[in-house]
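This report describes selected elements of a two-chain model, together with the criteria behind each assignment. The sequence and coordinates are shown below.

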Amino acid sequence: MNVEEALIRNGFSFTKDKNGNLWLDVKSEDVTKVLTELKTIGLNFLSCVSGVDCLDKGFCLIYHLLSLEDYNIVVNVKTYIGREDPRISSVSSIFKVAELYEREVFDLLGIKFIGHPNLKRILLPEDVPEDYHPLRKM
Amino acid sequence: MSSVPLGPLHPAFKEPINFKLKLEGEFVTDAEVRIGYTHRGIEKLGEKKTWIQFIFISEKICGICSSSHQGCYVQGVERLTGIVPEKRGIYIRTLTWELERMHSHLLWLGVLMHEIGIETMFMYTWRDRERVLDILEKLGGRRVAYSAITYGGARRDLSDSLIQQIIRLSDFILERSKFYENFILNDKRFLARTKGIGTLAKAEAEELSVVGPVARASGIPIDVRKTGYAAYYEAPFEVVVEKEGDVNAGALVRAKELEVSANIIKWIVKNLPQGKINVEVAPFSKLPEGETISRVEAPRGELFYYLKSNGSTNLERIKIRTPTLANIQAVAHTLKGHYLADVPVIAAGIDPCMGCMDRVVTLNEKGKKKVMTETELIDYGIKWYEKG
């Protein structure tokens, strides 16, 4: 399948970087909807969920998606969440592997995933203070 | 119904991991994985060090696939700066990756045989692996973290005598991989312990987003090498795929990949271009602002790096997703319905690497505890030793 054509056909706007990977910006409320749509058009493989502390801009979450038929192009879905009580709905019902990746983001950045079946620390010990998240910058 | 904790320290696991198993008699009905026992804070460390310093930290993430990590990181940085690496350097880099894949697969075969109890095969595979390690030592200077890769190419050049040794090694591995394949397909004890054990069907594998040899053993033909990074866009090779999805298929995939790696290595040394091997760079040069992703096929599967730079000497964020993290859920899934005695074999079946999986984070304490600077910490350490 051609990822770019499939995205254009379904009305997604994206930018392409010089390595051929595609970047989509979405609102944090729409992430579940967009990822469900992307999965139905063939991007059926979640490669990674990256969380970044962008200081004043809040937290940035990036979902890196792939298609098993076209393993070359990574589609990066990017969203921003506010600093105050960061929350976003979980995508673990769409991609099962997201369970682990979201737990890691929760552990290191303290972003709460609503609807996650088992949201607790994964890398740090369980007795680390609840409000302590090492990759936060302020 | 009983609950059995397995690990974090258990003779069956070579690295710390914990499984909470629910048993119904001898059968596992539910399994939960707990990881994080070798968490070291490398992602946080990456924010504190300059991007050149991190080249050498990145290979300490994993003791087995060290150059995959280093290569993936360097490839990402090269994409940020937009530099075209030297062709000879790229070929040597690819050669290192393939040698590493051979040593990793041999190591894994040995560990699997050891878990089953076939100690003779364990000795055979590790003996063969020693020969690969000898070559890697000559290539980089060390047996494990060889630092063979650097910005713009490779750190050390190949000599003619080393090339001859590499060719001899490839021939040796080609011959041995036939022996291993034969063993995996025909040995009765091995078949009894692996055939139909830990089966991951294709649909399940797709749903769980597994990567690397685990996916290929389940019939999903994915291999990042086929996307054509480094020298793989020229090197001819086939992706090895099996259908069964059990531990036996996994072993067969890896044994056949030994052969593929040996052939790629022979092709590389035959077609090695002349010229410079790397690009010089000023020690405190700044990276341009931007973000990028980098992927390589590590021995265990797709290794994923996300790099973000804010225009300074340090990277703002280095996110690492290792293949074991993607595959570990498949273990918990496939354990269900198997005997307790098969747990070590299934867990070993995905080639787990806990050092890779856990990585990340030095503590920057808030609240009660004090934050120490480096000199304060050294002084504290000296005083502590003088006291005792």
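Leu35(A) lies in helix H2 (residues 31-40) of chain A; helices (H or I, at least four residues) and strands (E, at least two) are DSSP runs, numbered from the N terminus. The model is predicted: local features need pLDDT of at least 70 and side-chain atom pairs count only at pLDDT 80 or more, while totals for chains, interfaces and linings use all residues. Residues are numbered from 1 along each chain as its sequence is written, with chains lettered from A and ligands numbered from 1 in the order in which they are written.

**Chain A**

Leu35(A) is buried, with 20 other C-beta atoms within 10 Å. A residue is buried if 20 or more other C-beta atoms lie within 10 Å of its own, exposed if 12 or fewer, and partly exposed in between, with C-beta atoms placed from the backbone. Leaving aside residues up to four places away in sequence, Leu35(A) touches Tyr63(A), Val77(A), Val91(A) and Ile94(A); two residues are in contact if their C-beta atoms, placed from the backbone, lie within 7 Å. Between Leu35(A) and Glu84(A) the separation is 49 residues in sequence and 24 Å in space, C-alpha to C-alpha.

Chain A holds three helices and seven strands, which follow one another from the N terminus as α-β-β-α-β-β-β-β-α-β. Its radius of gyration is 15 Å, close to the 14 Å that the globule rule gives for 138 residues, so chain A is as compact as a globular protein of that length. That radius is taken over C-alpha atoms, and the globule rule is 2.2 Å times the number of residues to the power 0.38. Along the principal axes, the C-alpha atoms of chain A fill a box of roughly 50 × 30 × 25 Å. Of its 138 residues, 40% count as buried. Among contacts in chain A with a separation of 6 or more, 55% are between residues 24 or more positions apart.

**The three-stranded sheet of chain B**

In chain B, three strands form an open sheet in the order E1-E2-E3, with antiparallel pairing; two strands pair if DSSP finds at least two bridges between them. Strand E1 (2-6) and strand E3 (27-34) are the edge strands, each pairing on one side only. Neighbouring strands of this sheet are turned by 20° against each other on average, direction ignored; the axes are lines fitted to C-alpha atoms, for helices over the stretch in contact, and angles run from 0 to 180 degrees between N-to-C directions.

Pro5(B) stands opposite Lys20(B) in E2(B), and Asn18(B) has Arg34(B) in E3(B) as its bridge partner.

| Strand pair | Bridges |
|---|---|
| E1(B) and E2(B) | five |
| E2(B) and E3(B) | seven |
| E7(B) and E8(B) | six |

**Hairpin and helices of chain B**

E7(B) and E8(B) form a hairpin with five residues between them, and Gly311(B) in the turn has a positive phi of about 90°. Ser309(B) is bridged to Leu315(B) in E8(B). Seven of the seven residues of E8(B) are buried, so this strand is largely enclosed by the rest of the structure.

H11(B) has 13 residues and reaches 19 Å from its first C-alpha to its last, close to the 18 Å expected at 1.5 Å a residue; the expected span is 1.5 Å times one less than the number of residues. Ten of the 13 residues of H11(B) are buried, so the helix is largely enclosed by the rest of the structure; among them are Pro323(B), Ile328(B), Val331(B) and Leu335(B).

For helix H10 (residues 247-270) of chain B, 24 residues should span 34 Å at 1.5 Å a residue, and the end C-alpha atoms are 35 Å apart, which agrees. H10(B) is mostly covered, as 20 of its 24 residues are buried.

**The contact between the chains**

The contact takes 34 residues from chain B and 28 residues from chain A. Elements giving two or more residues to the chain B side include helix H1 (42-48), strand E8 (315-321) and helix H11 (323-335). E7(B) gives the most to this side, with four residues. The residues of chain B that touch chain A divide into 13 nonpolar, eight polar and 13 charged; Ala, Val, Leu, Ile, Met, Phe, Trp, Tyr, Cys and Pro count as nonpolar, Asp, Glu, Lys and Arg as charged, and the others, Gly among them, as polar.
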